[in-house]
Each structure stands twice: as structure tokens, then as C-alpha cells.
Amino acid sequence: MQVLQVQLEVGPDPAEVGRARRWARSRLAGSGIGEDEPLAETLILLISELVTNAVVHTGCPAVLRMLFGEPGVRVEVADASDRGPARRQAAGDDTGGRGLELVDGLADRWGWQREGAGKRIWCEVDRADTPEDPAPEGPDGSNRVCGSTREPRVYL
């Protein structure tokens, strides 16, 4: 199996989130994922959330990686902060605090691990998952595996 990996260095500035989205759109198109495909929009939203979290909550530069292979696309954001991601409970009119809930709802798998002095947050979206072809159900009836016993796919 061949895997294509691309990466972008992201500065510690909220304006970098828009640049990361534009960069990701061009890389998706280059990999054969059309910008009007639901997969592309899902990936752009996930990238936006993960890069925003890295930039806003750590104040550190980050590295965005996209890995294209089978069965889909893996997105990783690595930063120099050792603080793990924390879910927040957003109130009705809060403008933030829903990022990890979105990631959990949109990605087929996601998680994080310590990496050196920092961490890497990752998520995976399978290409086969469309509204007509949903992901297989897990043991609890959901199609999400974060916190389950299923292992993430390894992209090298």
C-alpha cells in the first residue's frame, strides 16, 4: 500500500487557520478528492478545528500533516504543548467549546498521543463512508471508536 504524506508548518497566529484550510483544499484536489465531495468538506472542517485548537489553546507553532492512503485520509496536528486535549461543555450561545465534539462526530477514529515534549492529535476519515454507505457499527452501536478497543489504522 502506498501512502502520500504532505505537511504544512503553521505559525502561532489565528490567521494561520485560514491558510491551513486553503493549503489543505489544494492538497485534497491534488489527491483526487474534489472540493464538492462531502469527504473534502468533512476533512476541511476537521483540519480547521484541530489547527484552531493547536493555535488558540497552545500559542505554539504546529505542524499539519495529511496522509492519503487506503482506506482514507489521516489528519495529524502536532504542537509543542504537553497539555492533552480537553473537552469543554459549551453553553447554547458560546462561540467556542465544541471543537472536539465535532471531531468526535465527524471522524471515523481520532485520538492523541504525547510526542517528545509536545503532542500529536489525529483523526481518520474513510473514503468509503458516505451517507449511503455509513461506517460499520461498533460494539456499542455507534460508528465511533475513540475510547474503544479497536486500534487506529497505521499510516507509515
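In which hand does H2 pass H3? In this predicted model, local features require pLDDT of at least 70 and side-chain atom pairs count only at pLDDT 80 or more, whereas totals for chains, interfaces and linings use all residues. Residues are numbered from 1 along each chain as its sequence is written, and side-chain values use heavy atoms, with hydrogens and water left out.

The crossing of H2 past H3 is left-handed, the near helix being turned anticlockwise from the far one by less than a right angle. The axes of helix H2 (residues 38-58) and helix H3 (residues 99-106) come within 10 Å and cross at roughly 150°; axes are lines fitted to C-alpha atoms over the stretch in contact, with angles from 0 to 180 degrees between N-to-C directions. The two helices, H2 and H3, are therefore roughly antiparallel (an angle over 145 degrees). Contact (heavy atoms within 4.5 Å) joins Thr42, Leu45, Leu46, Glu49, Leu50 and Asn53 of H2 to Gly99, Leu100, Leu102, Val103 and Leu106 of H3. Seven nonpolar, three polar and one charged residue make up this contact.

Glycine 59, with a positive phi near 65°, follows H2.

Cysteine 60 is located in the loop between H2 and strand E2 (62-68). The relative accessible area of cysteine 60 is 18%, and the residue is thus buried (under 20% with a 1.4 Å probe, protein chains only). Beyond its neighbours within four places in sequence, cysteine 60 contacts Pro12, Ala54, Ala80 and Ser81. The C-alpha atoms of cysteine 60 and serine 81 are separated by 7.1 Å, with the residues 21 apart along the chain.

Definitions and conventions: Helix = DSSP H or I, 4+ residues; strand = E, 2+ residues; numbered from the N terminus. Parallel < 35°, antiparallel > 145°, perpendicular 65-115°, else oblique. Nonpolar A, V, L, I, M, F, W, Y, C, P; charged D, E, K, R; others polar. Buried < 20%, exposed > 50% of the residue type's maximum accessible area, 1.4 Å probe, protein only.
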